[in-house]
Amino acid sequence: MRIACPHCGPRDVQEFSYLGGVATKRPEGAAASEAAMFDHVYLRDNPAGRLREHWHHAAGCRAWLVVTRDTRTHEIFAVEAAASGASA
């Protein structure tokens with residue numbers, strides 16, 4: 001799979017680190033119990049179909065990106081810089 005970084009151009013997926021779906025929210029404050037953090041890190045849904053995800057270009061420009069891809073086929077529909085407000 002190749003991700004078209006908006007800063008570096010198309011790059012192999014091995015240059016990137018996957019964070020998870022954009023809709024995934026980390027527990028904060030009183031909700032951040034040990035059990036809630038365990039669930040957040042290890043017990044995530046794995047939906048089939050189109051999903052907006054956070055990716056980090058760790059071996060490149062180090063930018064955070066929002067990638068829209070189909071989790072069944074790995075087809076990528078869009079790549080946006082997360083700093084542009086795409087994660088909202």
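Modeller: Read along the sequence, the chain follows the pattern β-β-β-α-β-β-β, which comes to one helix and six strands. Helices (H or I, at least four residues) and strands (E, at least two) are DSSP runs, numbered from the N terminus. This is a predicted model, in which local features need pLDDT of at least 70 and side-chain atom pairs count only at pLDDT 80 or more, while totals for chains, interfaces and linings use all residues. Residues are numbered from 1 along each chain as its sequence is written, and side-chain values use heavy atoms, with hydrogens and water left out.

Colleague: What share of the residues counts as buried?

Modeller: Buried means under 20% relative accessible area, exposed over 50%, and partly exposed in between (1.4 Å probe, protein chains only). Of the 88 residues of the chain, 27% count as buried.

Colleague: How is a pair of aromatic rings described?

Modeller: Such a pair is described by the distance of the centres and the angle of the planes. Rings of Phe, Tyr and Trp (its six-membered ring) pair if their centres lie within 6.5 Å; planes under 30 degrees apart count as stacked, over 60 as edge-to-face and the rest as tilted. By this rule there are two aromatic pairs. The ring centres of tyrosine 18 and tryptophan 55 are 5.2 Å apart and the planes stand at 65°, so this pair is edge-to-face. Because tyrosine 18 lies in strand E3 (residues 17-21) and tryptophan 55 in strand E4 (residues 50-56), the pair ties together parts that are 37 residues apart in sequence.

Colleague: Are tyrosine 18 and tryptophan 55 buried or exposed?

Modeller: Tyrosine 18 is partly exposed, with a relative accessible area of 43%, whereas tryptophan 55 is buried at 6%.

Colleague: Which rings form the tilted pair?

Modeller: The rings of phenylalanine 38 and tyrosine 42 have centres 5.1 Å apart and planes at 40°, so that pair is tilted. Both residues lie in helix H1, four residues apart, about one turn of the helix. Phenylalanine 38 is partly exposed at 45%, and tyrosine 42 is exposed at 60%.

Colleague: Which residues make the nonpolar surface patch?

Modeller: Phe38, Val41, Tyr42 and Leu43 make a nonpolar surface patch of about 450 Å². Patches are made of residues with over 30% relative accessible area and no salt bridge: like charges are joined within 9 Å, nonpolar side chains (Val, Leu, Ile, Met, Phe, Trp, Tyr) within 5 Å. The areas come from the Shrake-Rupley method with a 1.4 Å probe; for residues, only the protein chains shown count as cover.

Colleague: How many salt bridges does the structure hold?

Modeller: Side chains of opposite charge can pair when their charged atoms come close. A salt bridge is a side-chain nitrogen of Lys or Arg within 4 Å of a carboxyl oxygen of Asp or Glu. The structure holds four salt bridges. One of them joins glutamate 80 and arginine 52 (3.7 Å, N to O). Glutamate 80 lies in strand E6 (residues 76-81) and arginine 52 in strand E4, so the pair ties together parts that are 28 residues apart in sequence. Another of the salt bridges links aspartate 70 with arginine 72 (2.9 Å, N to O). Here aspartate 70 is buried, with a relative accessible area of 9%, while arginine 72 is exposed at 58%.
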